[in-house]
Amino acid sequence: MAPDLASEDNFGVAANPSQQLTDKSARWFSIVILIVVLALNGVPLHGRSRQQDNGQPELHIHPRFMNMITHWYEPWPTVTFESFRLWDTNTRWSNMNPGPGQYDFTDLDGWLNAGQMHGSSPLMTLAMTPQWASSDPNNAICHYGPGQCAPPNDLNADGSGPDQHWKDFLTAIAQHVGTKITFWEIWNEPNNDFFWSGTPAQLARMAQDARNVIKSINPQAKFLTPGTSSLNEYGLVWWKGYGAAGGLQWADIIAVHGDVSPYPAQCGVYPEAETFLTVMKNLNQVLTQYGEITKPVWDTESSWGPTDLDCFTDQDLQAAFLVRFFLLHRSEGVRRFFWRGWIDGDGGIYTEGEGLNKAGLAYGNLREWIVGNSLSAPCTVNGTVWTCNLTGPKGLVAAAVWDTSKTCQNSVCGTKRYTVGAQYVKYRTLEGRTIPITNHTVPIGAKPILIVN
């Protein structure tokens, strides 16, 4: 199986960032030519226009696609995932650098050891300024403590200044972990003022410094943009500002948070997985504007959102959402998706004392359906019926099919009969059952099924 593109060095970022700046005119000319060619050939400008997976079909589904956010490493989650995101894990800058020249990597080491033991690699999210280094140390809006959402006090609003507090921390953590961490995400959701109160220019400078410092210690390190939403203008204002400040050039990978929950939340108004296409459409418009459309995209945090506000608690609908959400992420070209989360107030797929819930079971069965196979084309919709066609080894031909007009309530899910091609002889359910197809029809509803030849 070919490695995921994100495991290679071909990320579209020059090894020497200053060289990238001198080549900017040439890169823009190449982008213009690419857009013209795609338009003439009728190719839509969405995620799948990015580079192919080293000769594999461009929508090949690598094991690295399915990842998890968990807040405790003991006990480790029982489902299979390739990577975990270090966020809400006591590994913020403010946790690890409590005073000038003071570093405490105890919690980080616990996570790295647990990941190594379970064969899962970390994505490190660097964010939240220690109060002692903060330019606004008494800012009480900051989510994790006073001043933590503000930029360092040695970094000016235009991005100038020594930025030495940040550089010192980067040097210490990079020397401590060595090559144990490859992927580094610079900040979390800076469109929210309780996570970031600085300017785009300041965060762009911090991303540049992170790249330079960490790569000087680990040349194989790769860097992600800050992960944030692009569903609506609230998130897009930040993306455009960061692009204009030059921040995108310092990333190898574009990080998005793909939440699709309606805002403001209302009980009974549920998130729809299919809204993720809008997330990617908006993001790709910004990336095209700033010449970064060819970079891989990861979703580093999303789920079905705040169930305490929208009352989205039906486990069958949660299972349906999760599977549709993962399928549409890969259809849109997303290389890795970090589900929030294992046990969580709203996104959990495991319930303490009860074990895997229906969404957790669906996660495991979806992995069996798709990993190692390929989407033969992006998923399509006909009316309310969605189809994601898959191919795989030994002549496998399959399709995940669902109908958004149907719903579930009290463990009963509505379906309708759907005619399938004669090559399909059985179908699989999210509960793990395999059922023969009779009379070339299957029942489809909110929960996808997999029809197989």
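Which residues have the most contacts inside the largest nonpolar core? Let's start there, friends. That core has 104 residues, and the ones with the most contacts inside it are Leu108, Leu126, Trp166, Trp184 and Trp339. By a nonpolar core I mean a set of buried Ala, Val, Leu, Ile, Met, Phe, Trp, Tyr and Cys residues joined through side-chain atoms within 4.5 Å. Buried means under 20% relative accessible area, exposed means over 50%, and partly exposed is in between, using a 1.4 Å probe and protein chains only. Helix 10, residues 315-331, gives the most to this core, with 10 residues.

A quick word on where this comes from. This is a predicted model, in which local features need pLDDT of at least 70 and side-chain atom pairs count only at pLDDT 80 or more, while totals for chains, interfaces and linings use all residues. Residues are numbered from 1 along each chain as its sequence is written, and side-chain values use heavy atoms, with hydrogens and water left out.

Now the overall picture. The protein has 11 helices and 21 strands. Those are DSSP runs numbered from the N terminus: helices are H or I with at least four residues, strands are E with at least two. Of the 453 residues, 55% count as buried. For contacts, meaning heavy atoms within 4.5 Å, look at pairs with a separation of 6 or more: residues 24 or more positions apart account for 71% of them.

In soluble globular proteins, nonpolar side chains tend to be buried together. Take leucine 108: leaving out residues up to four places away in sequence, leucine 108 touches Leu86, Thr91, Met96, Met124, Ile173, Val177 and Ile181. There is also a second, separate core of 11 residues, which includes Val401, Tyr424, Ile444 and Ile451.

Next, let's walk along some helices. The axes of helix 5, residues 164-177, and helix 6 come within 9 Å and cross at roughly 35°. Axes here are lines fitted to C-alpha atoms, for helices over the stretch in contact, and angles run from 0 to 180 degrees between N-to-C directions. The crossing of helix 5 and helix 6 is right-handed. A crossing is right-handed if the near helix is turned clockwise from the far one by less than a right angle, and left-handed if anticlockwise. On the helix 5 side, the residues that meet helix 6 include Trp166, Leu170 and Ala174, and among their partners in helix 6 are Met206, Ala210 and Val213. The residues of this contact divide into eight nonpolar, two polar and three charged. In that count Ala, Val, Leu, Ile, Met, Phe, Trp, Tyr, Cys and Pro are nonpolar, Asp, Glu, Lys and Arg are charged, and the others, Gly among them, are polar.

How do helix 6 and helix 7 pack, and at what angle? Helix 6, residues 200-217, and helix 7, residues 233-244, pack at about 60°, with their axes 9 Å apart. They are therefore oblique to each other. On this scale, angles under 35 degrees count as roughly parallel, over 145 as roughly antiparallel, 65 to 115 as roughly perpendicular, and the rest as oblique. Helix 6 passes helix 7 in a right-handed crossing. Pro200, Leu203, Ala204 and Ala207 of helix 6 make the contact with Trp238, Gly241 and Tyr242 of helix 7. Those residues divide into six nonpolar, one polar and no charged.

Helix 7 also meets helix 8, residues 276-289: their axes come within 10 Å and cross at roughly 20°, so the two are roughly parallel to each other. Leu236, Trp239 and Lys240 in helix 7 meet Asn282, Leu283 and Val286 in helix 8.

Aspartate 316 lies in helix 10 and is buried, with a relative accessible area of 5%. The C-alpha atoms of aspartate 316 and serine 411 are separated by 6.6 Å, although these residues are 95 apart along the chain.

Which peptide bond joins glutamate 74 and proline 75? A cis one, with omega about -5°. Proline 75 is in the loop between strand 1 (66-69) and strand 2 (83-86).

Last one: methionine 128 has a positive phi of about 75° although it is not a glycine. Methionine 128 is buried, with a relative accessible area of 0%.
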